[in-house]
Amino acid sequence: MTRYQALYRKYRPQRFDEVIGQDHVIGTLTREVTDEKVAHAYLFAGPRGTGKTTTARLLAKSLNCTNRTTGAEPCNECASCAGITEGTSLDVIELDAASHNKVEDVREIRVNVGTVAAAEGARRIYILDEAHMLSRAAGNALLKTLEEPPEHVVFVLATTEPYKLLDTIRSRSQRFDFHPVSSETLIGYLAEISKREGFTADHAGLSMIATHARGSVRDSMSLLEQVAALGDGTVSSEGVTRALGLADDEAFTGLVAAIADQDAPAALGLVAQLASRGADLRRFVADALGFFRGIFLAQYAPNLEEITDEPPEILDEWRRMAKVVPSSDVLRAIDLFSEALLHLRQGREERLMLELAVIRLTRPETTVDAEALAVRMDRLERDVKVGAPRYQPPAASPTKETGDGGQEKRDSPKEATGHRRRATGEIQDEMTDSRQPTADSGEPEQVEVEEPTASDSVPTTDYRLPTTDGGPGEAGSTVTLADFSAAWPVVVSRIRSDFGARRHAFVKVAEPRSVEGSVAVLTMPSHQHFHLEQLNADEQLRGALEAITAEILGCTVTLQFRSDDDQVPAEMETGDELPLRAPEKDDLAEGEDPEDPADMVADLLGGKIVEE
């Protein structure tokens with residue numbers, strides 16, 4: 001009865017042309033064997049499952065094959081090839097450096113190196129797996145033998161961490177770097193193995209296996225065997241998800257949507273759903289980290305096919321998600337999931353760490369770090385740019401009633417002013433940086449939002465409101481302080497997009513103070529004399545401000561800039577009252593003395609103060 005063999009052992013390459021994904025290594029080795037220019041020591045470095053030990057055995061086969069002709073391929077029929085395949089050859093010594101890492105083990109190797117090969121004319125090959133596990137003393141003891149071995153001896157050192165080897169060992173070996181096998185190559189290879197084994201495999205399932213194998217042929221074949229056993233010979237994406245405890249593609253799409261919409265309940269619901277299905281939350285965090293890395297690459301690298309090794313459908317998904325979530329959220333997701341993965345490796349509670357990560361992503365205000373603040377400001381900037389109000393006049397704005405003369409009859413000035421006030425009220429409600437009067441003091445509260453940078457492309461929005469008798473330059477309309485205060489933030493944002501950050505800095509500190517007919521007065525803080533001088537001296541900026549204001553309000557407005565300590569009339573012709581101002585310091589000093597707190601308490605409680 002033949003004992004069952006795992007797929008990766010059953011299909012271990014027995015010829016050089018059966019090794020996949022390492023053409024640069026195989027081509028060089030076969031050329032050296034053919035030209036009889038074999039080095040005395042080789043260093044095979046690369047990730048696990050990429051063919052390092054297999055290639056070392058093939059090299060030993062090729063060097064000791066008695067039936068090899070002109071090429072480098074072994075015959076796999078002679079006694080030497082059969083012995084190496086079965087692991088019984090006396091001329092191929094495989095050692096595990098993890099268990100043979102002492103000086104005594106290296107001393108034994110040095111003693112055995114001098115012995116002749118078992119077969120006449122054969123070579124003795126020492127294959128040292130996990131060579132980076134050699135202690136420093138053992139590595140130094142191996143140096144002399146490694147540098148000048150007998151002519152019939154060849155050393156092959158295989159390692160996944162070559163940087164841990166001594167520099168002196170690396171310098172005495174001919175190094176070959178084994179690369180992770182590409183997903184496309186792995187998918188084709190797995191499809192061929194599935195065909196040989198009689199599995200029913202679809203492309204989506206094989207693609208998922210290749211993706212999670214991360215370039216390792218051995219890992220991919222182990223996953224294929226596991227999924228096929230679970231699905232009774234069927235390999236599908238659902239089977240891969242069940243066998244590995246993975247989250248489906250919809251989970252990552254839902255996570256991105258929750259982050260983009262700041263929907264914390266949806267994100268927490270997703271975590272609960274994954275936990276109820278028995279998904280591996282640690283693997284989900286690692287996969288989410290890779291998913292956001294892909295989105296990050298899609299946002300900044302248009303040539304994804306050249307810099308990544310993923311199937312086309314995954315690249316298309318990255319590009320689609322890159323248009324949904326902002327880059328700042330993507331970078332922060334990478335940082336938070338990296339931190340969560342580190343905590344999980346330290347043994348923290350998996351679900352709690354994942355829930356904390358998604359809460360911080362969907363609610364940046366829950367953290368006080370600089371990155372969270374940057375994300376919140378970035379979202380406010382986007383709200384200002386894409387959410388700026390655009391007033392649409394009513395369909396029947398000018399009433400088309402025909403009078404006696406046959407001409408169309410427009411709204412009266414009073415009705416037009418009513419339209420304008422309703423429109424400015426909409427602007428005042430929707431703008432995030434508009435001035436709202438507080439309920440206590442009446443002092444306008446300035447909500448400052450960081451404006452877009454000069455390099456940002458801010459569209460110029462048309463905020464034209466209906467006028468009384470014609471275009472925006474009509475001088476006969478009346479403007480109130482409320483209308484002007486509501487429109488001023490829009491004027492400031494237009495100055496930023498049209499004139500840049502320097503002039504915007506002068507304008508944004510000005511505050512509407514009063515309106516007298518067609519003259520609007522704006523005040524500047526008393527300590528900013530330079531800003532006031534620049535605004536009064538810059539005729540081009542003043543003309544632009546008045547033109548934009550006229551465009552928005554529908555009538556000509558002359559702007560005057562003053563310092564806030566200048567005397568302003570208490571009441572204007574428009575009937576608007578000035579906003580309440582805080583009392584001056586001198587006024588507070590001249591007031592009555594405050595009541596004694598002790599007297600207030602005694603009066604409140606109905607008691608009296610007893611002096612001891």
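Helices H5 and H6 cross in a right-handed sense in this predicted model. H5 spans residues 103–113, and H6 spans residues 136–147. Their axes lie 8 Å apart and pack at an angle of about 15°. Angles under 35 degrees count as roughly parallel, and H5 and H6 are therefore roughly parallel to each other.

The residues at this contact can be named. H5 contributes Val 103, Val 106, Arg 110 and Val 113. On the H6 side they meet Ala 137, Ala 138, Ala 141, Leu 142 and Thr 145. By class, the contact of H5 with H6 has seven nonpolar residues, one polar and one charged. Arg counts as charged, and Arg 110 belongs to the H5 side.

Now turn to H2 and H3. Helix H2 covers residues 23–34, and helix H3 covers residues 52–64. Their axes come within 11 Å and cross at roughly 20°. H2 and H3 are therefore roughly parallel to each other. This crossing, too, is right-handed.

Which residues of H2 meet H3? They are Val 25, Ile 26, Leu 29 and Val 33. Their partners in H3 are Thr 55, Leu 59, Ser 62 and Leu 63. The contact of H2 with H3 divides into six nonpolar residues, two polar and no charged.

Next, the loop between helix H4 (79–86) and strand E2 (92–96). Leu 90 lies in this loop. Is Leu 90 buried or exposed? The relative accessibility of Leu 90 is 62%, so Leu 90 counts as exposed; the cut-off for exposed is over 50%. Leu 90 can also be placed relative to Ser 80. The two are 10 residues apart in sequence. In space, Leu 90 and Ser 80 are 9.4 Å apart, C-alpha to C-alpha.

A search of the whole structure finds 11 aromatic pairs. A stacked pair would need planes under 30 degrees apart, and an edge-to-face pair over 60. Both Tyr 42 and Phe 44 are buried.

Terms used: Residues numbered from 1 in each chain as written. Predicted model: local features only at pLDDT ≥ 70, side-chain atom pairs only at ≥ 80, totals over all residues. Heavy atoms only, no water. Phe/Tyr/Trp six-rings, centres within 6.5 Å; stacked < 30°, edge-to-face > 60°. Buried < 20%, exposed > 50% of the residue type's maximum accessible area, 1.4 Å probe, protein only. Axes fitted to C-alpha atoms, helices over the stretch in contact; angles between N-to-C directions. Helix = DSSP H or I, 4+ residues; strand = E, 2+ residues; numbered from the N terminus. Parallel < 35°, antiparallel > 145°, perpendicular 65-115°, else oblique. Left-handed = near helix turned anticlockwise from the far one by under 90°. Contact = heavy atoms within 4.5 Å.
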